[in-house]
Amino acid sequence: MEKIERQLRLYELVCGYAITSFEAIEKEFPNSGRRTIQRDLRDLKDAGLVSVNYVRKAQGYVKEKQRPKFNEDTEPRRKAHLKRLNRIGRLMIELYNEDIPLWEKKDNEEDGDVRDYVSSKDSYHELFPGLSERTRQRDFEVLRRLGYQVFYDHREHCFSQGEFHMGWAEAPEVIDDDYLEGTW
């Protein structure tokens, strides 16, 4: 698994729970050590995606309420990686698609319903104007390797996108025994 894929899978995992135990992370990434996970979490924070703190009482990582700002003060090579991480992380949440098959567009036009449909490609270029088509293709390929369905269907002449499954669970203000035991 590439570094960026591992980091994005960690991003998915951390976003889906209010408290993410280190055991759950170890189970998901059995070949990654504690220091690797800590570096990945630091990269996610510096990329402006999510910030977590380890809380001993909760025995896991707790998300901060606000998303962090992108860290501009870093060396150029790392900054390029953080920009890519931020871009694909945002796609996991913000990419959308209204595109429909060509035959359906033609049927709608015959019925007088002439409109433009926003494709995944259009959505990408709205989110990240000025990036090349090749960069979009590479980013979509990373999404596909992560299990997200986003592709151009040559038979139907349209973009197709499955349901994206990114969630965001809020951590409580105070992590007390009642919360940890589920008796709140």
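In what order do the elements of the chain run from the N terminus on? They run α-β-α-α-β-β-α-α-α-α-β-β-α.

## Basis of the model

The model is predicted: local features need pLDDT of at least 70, side-chain atom pairs count only at pLDDT 80 or more, and totals for chains, interfaces and linings use all residues. Residues are numbered from 1 along each chain as its sequence is written, and side-chain values use heavy atoms, with hydrogens and water left out.

## Overall composition

The chain contains 8 helices and 5 strands. Helices (H or I, at least four residues) and strands (E, at least two) are DSSP runs, numbered from the N terminus. Of the 184 residues in the chain, 42% are buried. Buried means under 20% relative accessible area, exposed means over 50%, and partly exposed lies in between (1.4 Å probe, protein chains only).

## Salt bridges between helices

Side chains of opposite charge can pair when their charged atoms come close. A salt bridge is defined here as a side-chain nitrogen of Lys or Arg within 4 Å of a carboxyl oxygen of Asp or Glu, and the count by this rule is 14. One of these joins Arg 145 to Glu 5, with the closest N and O atoms 2.4 Å apart. This pair links distant parts of the chain, since Arg 145 belongs to helix H7 (residues 133-145) and Glu 5 to helix H1 (residues 3-15), 140 residues apart. Arg 145 is partly exposed, because its relative accessibility is 34%, whereas Glu 5 counts as buried at 9%. Both residues also belong to a network of salt bridges that links Glu 2, Glu 5, Glu 141, Arg 144 and Arg 145.

Asp 40 and Arg 6 form a salt bridge through their side chains (2.6 Å, N to O). Asp 40 lies in helix H3 (residues 34-46) and Arg 6 in helix H1, 34 residues apart; both residues are buried. Because Arg 78 is in helix H4 (residues 76-94) and Asp 46 in helix H3, the pair ties together parts that are 32 residues apart in sequence. Arg 78 is buried at 17% relative accessibility, and Asp 46 is buried at 13%.

## Cysteines

A disulfide is a covalent bond between the sulfur atoms of two cysteines. With a disulfide taken as a pair of cysteine sulfur atoms within 2.5 Å, the count is 0. Cys 15 is buried, with a relative accessible area of 0%, and Cys 158 is buried, with a relative accessible area of 5%.

Asp 107, Glu 109, Glu 110, Asp 111 and Asp 113 gather in a patch of negative charge on the surface. Such a patch is made of residues with over 30% relative accessible area and no salt bridge, like charges being joined within 9 Å. Asp 107 lies in helix H5 (residues 102-110) and is partly exposed, at 35% relative accessibility.

Tyr 117 is found in the loop between H5 and helix H6 (120-127). Is Tyr 117 buried or exposed? Tyr 117 counts as buried because its relative accessibility is 11%. Tyr 117 and Ile 100 are 17 residues apart in sequence, and their C-alpha atoms are 7.5 Å apart in space.

Definitions and conventions: Patches are made of residues with over 30% relative accessible area and no salt bridge: like charges are joined within 9 Å, nonpolar side chains (Val, Leu, Ile, Met, Phe, Trp, Tyr) within 5 Å. Accessible areas come from the Shrake-Rupley method with a 1.4 Å probe; for residues, only the protein chains shown count as cover. Lys and Arg count as positive and Asp and Glu as negative; His and the chain ends are not counted. The place of a charge is taken as NZ of Lys, CZ of Arg, CG of Asp or CD of Glu.
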